[in-house]
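Colleague: I am new to this structure and would like to learn how to read its aromatic rings. Could we go through them one by one?

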Amino acid sequence: MASHETDPSPAAPSKKKKRHSKKRKAIEVTVDASFPGAAAPVVGYFPTGYDPLAAAEPPRARLFRHEKHHNRVELVVVAPGGGPDFVGRSYAGEAAAPQLCGYALGVLDKATSTLKIVPIASNKILRLEPHFEVQQPAHSQQSAAEAGSSVADTELNRQDLTQAYGTKKDKDKDNKWKSLKEQRNDPSAYLDLDLGESKTTADATDSQASMEVRNIPPYDPAADTSEKAYLFDEIIPKNIRPHLLDIVGHFESGEFGLKGYGSFVSNRVNKLQELQGEDQERLAWILSYITHLLSLLARNSSMSKQKRKEKDQTIRGPIIPQAVHRKLLLMFTEPGSSSLSTEKHELLINYILVLTLFADDFRSEPTDICADLKMNRQMLKPYYDQLGCKSVSTGAFKPFFMTLPAPLKFPQQVTRRRRRK
């Protein structure tokens, strides 16, 4: 039998594999910090949960620069699929805060081992906040018809989009407006509201009974000057005056043209630069109150709720402070209703016309306010007559001015007798 011989020598020990640690190679990089000849890059970030990389197609970005102020830029990022636009401004919001440091963008080119460090545009990183069709910049806005059709096609609700994409500040603002509307229909919410003190003479007190009939602002029929004919302290109560000074800041900061003020206020805002102290504050109260009254008139005209909602989205202008808004709702709307009645609509126009007389030292040329009210002079003439105004002219082919003689003389109401049959 064949025998199998075994190798008595022990098995050769297996060699352990040595682990080679990967050492990073040092790369020599040339740093180029020179100012580029092309336009400086723009950097923006999304503070919301929107992720531009998660979309099926990349968003489209556009950059706008102010024609006069070249350091003011706007970065508009259009989200695909009909979503909201994201707008970052270098002159408003977070970017308007004082800059405590400088920003630059570094671009590393591995092929050429060059690191380019370039300054970004306006030395600001833009916060891209969600904006909708009605909130876009003036140069990128569509017409009202296109905006309305776009909203109808996409079927997007502004409040739902704010809750989904909006910042915490915008969400809190929407919640405050909701609670304000709920309080507006609750009479107990106005019990602690200070409506200002009424300071009238004895004759003015006697005339309050006829004020409702005339449907005009509070007045003093015994006043011997135009300044005292209508009671300024009751027309603009003292408790809301601190909320009517934003127009001064808008004018001094150069942002007045971006706030959507009307023709009358825009053509008289330069007077703020000529006045100082109490006179400047008084004019600021008048111009701001006129602006808020015009906004209330535009938002609460007699129309259906759906049309009013679409119209609110196209209205431009400064936001009405809550204290002022509550005061206006108490004065010009009925509890449980969001539209103006015929009497309140007429009273609101009379308030506006009286304030224009105060702004123009009781010699007012009505062309600008006609444009804001979308009414011609013939349509406004009955209102001026009801206030006791008279029209004067300095000559032929020259404009007419509305004045307020004192004491006030109102037109007599003539009642026609019926003919006997």
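Colleague: Is Phe86 buried or exposed?

Modeller: This is a predicted model. In it, Phe86 has a relative accessible area of 0%, so Phe86 is buried. For the whole protein chain of 421 residues, the buried share is 34%.

Colleague: How is a pair of aromatic rings described?

Modeller: By the distance of the centres and the angle of the planes. A search of the whole structure gives nine aromatic pairs. In one of them, Tyr50 and Phe86, the ring centres are 4.6 Å apart and the planes stand at 25 degrees; planes under 30 degrees apart count as stacked, so this pair is stacked.

Colleague: Where in the chain do Tyr50 and Phe86 lie?

Modeller: Tyr50 is in the loop between β2 (43–45) and β3 (60–65), while Phe86 belongs to strand β5 (residues 85–89). They are 36 residues apart, and the pair links distant parts of the chain. Tyr50 is buried too, with a relative accessible area of 14%.

Colleague: Why is the pair of Tyr219 and Phe410 edge-to-face?

Modeller: Their planes are at 70 degrees, with the centres 5.2 Å apart, and an angle over 60 counts as edge-to-face. Tyr219 lies in the loop between α5 (208–214) and α6 (226–229), and Phe410 in the segment after β12 (400–403), 191 residues apart. Both Tyr219 and Phe410 are buried.

Colleague: Which ring does the charged end of Arg72 sit over?

Modeller: The ring of Tyr91, at 5.5 Å from its centre. Arg268 lies over the face of Phe264, 3.7 Å from the ring centre.

Terms used
Residues numbered from 1 in each chain as written. Predicted model: local features only at pLDDT ≥ 70, side-chain atom pairs only at ≥ 80, totals over all residues. Heavy atoms only, no water. Buried < 20%, exposed > 50% of the residue type's maximum accessible area, 1.4 Å probe, protein only. Phe/Tyr/Trp six-rings, centres within 6.5 Å; stacked < 30°, edge-to-face > 60°. Helix = DSSP H or I, 4+ residues; strand = E, 2+ residues; numbered from the N terminus. Lys NZ or Arg CZ within 6 Å of the ring centre and 35° of its normal.
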